[in-house]
Amino acid sequence: RRSKDDTGGWRYRRRRSTSSRIRRERGGNLDDPAGREAERIIMEAVDGNNEKFRELILGLPHKLMRRTDLVNQIILGLGKQVSADEAKRTLLAACEKGFRPSTRTFSALLGAFTREMRMSEVVNLFNSMSEFKVSPDISCFNALINCFAHNNDTRRAEEMFKKL
């Protein structure tokens, strides 16, 4: 990009890469007090302080439960670093407090159960998306197909791929 500088000459500005934009967005989350709270909840769970973690989750105010990005961040962090069961319990606790899950929430959970190679849980969770009034998108189908592929169930993976 180029723009005029104070002297009337042209100044060229380098475009930032996508990875630096992502880093900037993640870093910006720590400037937000609610983002710091989400990071603290994930760290308590990673450290194994389950009682403290559950207390923090249940103590989140209702207005933070309506911020889908923060709850998704907590669920994704738990699914990757702790366990898929803990992430699912967090989702259910958050739903009791007024959280409305999105397809991103479910794709994070589906990915967590896939990493643990629990195919029956992935299928049950995928089928229960309608209970939460969420229709699956391409990322959810992709997570389901990945689960079948990791478990060498190519027939079911092909069936799901054809449904797309």
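A crossing of two helices is termed left-handed if the near helix is turned anticlockwise from the far one by less than a right angle, and right-handed if clockwise. The structure described here is a predicted model, in which local features need pLDDT of at least 70, side-chain atom pairs count only at pLDDT 80 or more, and totals for chains, interfaces and linings use all residues. Residues are numbered from 1 along each chain as its sequence is written, and side-chain values use heavy atoms, with hydrogens and water left out.

The protein chain contains ten helices and two strands, assigned as DSSP runs numbered from the N terminus (helices, H or I, at least four residues; strands, E, at least two). From the N terminus, the order of elements is β-β-α-α-α-α-α-α-α-α-α-α. Of its 164 residues, 37% count as buried (buried, under 20% relative accessible area; exposed, over 50%; partly exposed, in between; 1.4 Å probe, protein chains only). Among contacts (heavy atoms within 4.5 Å) with a separation of 6 or more, 53% join residues 24 or more positions apart.

Two packed helices are described by the angle between their axes and the distance between the axes. Helix H6 (residues 84-96) packs against H7 at an angle of about 155 degrees, the axes being 9 Å apart. H6 is therefore roughly antiparallel to H7, a term applied to angles over 145 degrees. Axes are lines fitted to C-alpha atoms over the stretch in contact, and angles run from 0 to 180 degrees between N-to-C directions. The crossing of H6 and H7 is left-handed. Ala-84, Asp-85, Ala-87, Lys-88 and Leu-91 of H6 make the contact with Thr-105, Leu-109, Ala-112 and Phe-113 of H7.

Most residues other than glycine have a negative phi. Met-117, in the loop between helix H7 (103-115) and H8, has a positive phi near 60 degrees and is partly exposed at 43% relative accessibility. Asn-152, located between H9 and helix H10 (154-163), likewise has a positive phi, of about 60 degrees, and is exposed at 66% relative accessibility. Ser-128 occupies the loop between helix H8 (119-127) and helix H9 (138-150) and is buried, with a relative accessible area of 14%. A polar atom of the Ser-128 side chain lies 2.9 Å from the backbone oxygen of Leu-125.

Key: A polar contact is a pair of N or O atoms within 3.5 Å; within protein, one must be able to donate a hydrogen and the other to accept it, and residues adjacent in sequence count only if both atoms are side-chain atoms. Angles under 35 degrees count as roughly parallel, over 145 as roughly antiparallel, 65 to 115 as roughly perpendicular and the rest as oblique.
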